[in-house]
Amino acid sequence: MLFFRQVATVAAKDLRSELRTKEALNASLSFALVILLLFSFAFSPTSDMTREISGGLLWLVFAFAGALILNRSFARELENDCLDALISSPVSSPALFLGKALANYVLLLGIEFVCLPVFGVFYNVSWAQQLPSLALVLVLASWGVSVVGTVFSALTVNMRLRELMLPMLVYPILIPCLMAAMQLTTPLLAGEPLTGDLFAWLRLLVGFDIIFTALAVVLIDTVLIG
Amino acid sequence: MREKILYSLGIVAALFLARNIWKMLVGLPDEAFQGAIFRVIFFHVPAAFTCFACYLTALIASISYLKSKNLKWDSLSVSATEVGLAFGAANLVSGMIWARIIWGIWWTWDWRLTSSLICWLLYAGYLVLRRAVEEPTERARLSAVMSILSFSVVPFVFFSIKWFRTQHPQPVLYGEGKMDSAYRSMLYINWIPLLMIAVIFVAVRMLQEKRQREIDALRRTVHAF
C-alpha cells in the first residue's frame, strides 16, 4: 500500500511542477501542432489519402511530442541535485520510476486529447465514431511509450547530447508498440469496429506493455543507483 | 601465445572458407529457378545466425556484468555487439544483392527485411550510447541495460512477421520452405567458418579492450602524480 502511495506522491509532484511551469507541456503541444501542419505539405490531404495514413500520422505526432515530455522527466531533477535527493529519499527506485512514468503518461494522454480534435478539424476526419475502442488503443499504446521513454529518460539523464540520445535510442525500441498503435488507429478513425485481425495487434500492445513495465521495474535500480 | 592461437585459428577458418567457396562454385549445380545467384544464401543465412549468436552472447555478457560487476563481461558484450553488427550488415547486404537479381529491387519494406534493419539500428544505438558516457563503470552499467532492453524487443519485432504479409522466401530450416539436402548441408557447413571468424574477431576485440583498460589505468596513475 505504501508503495502505491509513494508512486502517487511522485506522480503528483511531477504533474504539479509541470502544470505550474508548463515548460515541457507548452513546447510539446506547439511542436505537435507544427508537425500536424507540416504533414499537410507532405501529402495532399484528400479524404482517401487521410483515411489511409491517419493512424501513422497521428502516432508520429504523439511520438515526437512525447519525446519532448520524456526528455524533461529526469532532466528536470538535475538542477540543485534534486535527482540525488530523490534517490536518497525513502522512496524505492521502482516507486520513483512508476510515479514519473505515470506523470508522463497523464501528460502524453493530455496532448493526445488536444491533438485528436485538432487533427479532426484540419484533416476533416470524424474521429469519434469508435470512441471506446480508440480510447483503449490510446491508453495502451501511450503506456508503452511512457514506460519505455521514462527508462531511457533515466538512462540518458547524465549523458552528453541528452536531447538527441533519447529519441535515437527510444524510437527503435518503440517500433512494435507504435506499429500496433498505427495498425489499430487507422481503421478506428475510419469508423470500422475492432474485428478478428485487429485483436492480434491489441494483444501485441498488451504484451509489450506488460513485458516492458516488468523489465523497467526490474532494471531501474541498476539505471539509477548501479 | 594467446594471439598465436588466435591467428592460427584464423588461418584454419580462412582455409575452411576457401574450401567451401570452391565446393559451392564447382561442386554444386545452379538452382533450377534462380540460377547462380542462389549461392548468396550460403552466406546470407549463416551470417544471420552468427549475428544472432553474437547478440545472444552480448545479452548473456550484459546480465553477467550486472551480476558480477567485472569489466571483462562488459568488454565481451561490446565485442560481441560490434561483431554481430558486422555480420548483420553482411546479412543485409548479401540479401540486397540477391533481391536486386531476383526481385529486381534492392530493398522492399517486407517485414523480415525491416525487422533485421530495426535490430541492426537497435544495436547501433548501443554503440552510440557507449560513446556518450565517459566513466567506464557507468558506461558498462548503462550499456548493459540497453543491451537487455534491445534483446527483449527482438522477439516482438520478429513475431510480427506472421501478421504482416511477407515476400521474403520462407525460412528453409524451420517452417515451410523447401531445400535440397546437398544445399542444406552446405549451408550448415559454411556456418562453421563464419562462426569461427566471429569468435576470433570477438577475442581480438576483447584483447583490445583489455589493453585500453590497462592504458587508461596507466594514464590515471600518471595523472595522480
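**Close-up views of a predicted two-chain model**

Of the 225 residues of chain B, 32% count as buried. That figure, like everything in these legends, comes from a predicted model.

View 1. Chain B holds 6 helices and 0 strands. Reading from its N terminus, the order of elements in chain B is α-α-α-α-α-α.

**View 2. Chain A meets chain B.** How many residues does each chain bring to the contact? Chain A gives 21 residues, and chain B gives 21 residues as well. On the side of chain A that touches chain B, α7 (162-189) and α8 (196-224) of chain A each supply at least two residues. Sorted by class, that side of chain A has 18 nonpolar, 2 polar and 1 charged residues.

**View 3. A:Lys22 sits between two helices with a positive phi.** Here we look at the loop between α1 (2-21) and α2 (23-42) of chain A, where A:Lys22 is found. The phi of A:Lys22 is near 55°, a positive value in a residue other than glycine. For comparison, most residues other than glycine have a negative phi. Is A:Lys22 buried or exposed? A:Lys22 counts as exposed because it has 12 C-beta neighbours inside 10 Å, and the cut-off for exposed is 12 or fewer.

View 4. With 11 other C-beta atoms within 10 Å, A:Asp81 is exposed.

**View 5. Confidence along chain A.** The mean pLDDT of chain A is 90, and 100% of its residues reach 70 or more. Which parts of chain A have the lowest and the highest confidence? The lowest is in α3(A), with a mean of 88, while helix α6 (residues 131-155) of chain A has the highest, at 94. As a reading tip, where pLDDT is low, the predicted coordinates should not be read in detail.

How values were computed: Residues numbered from 1 in each chain as written. Chains lettered and ligands numbered in written order. Predicted model: local features only at pLDDT ≥ 70, side-chain atom pairs only at ≥ 80, totals over all residues. Contact = placed C-beta atoms within 7 Å. Helix = DSSP H or I, 4+ residues; strand = E, 2+ residues; numbered from the N terminus. Nonpolar A, V, L, I, M, F, W, Y, C, P; charged D, E, K, R; others polar. Buried ≥ 20, exposed ≤ 12 C-beta atoms within 10 Å, placed from the backbone. pLDDT = per-residue confidence, 0-100.
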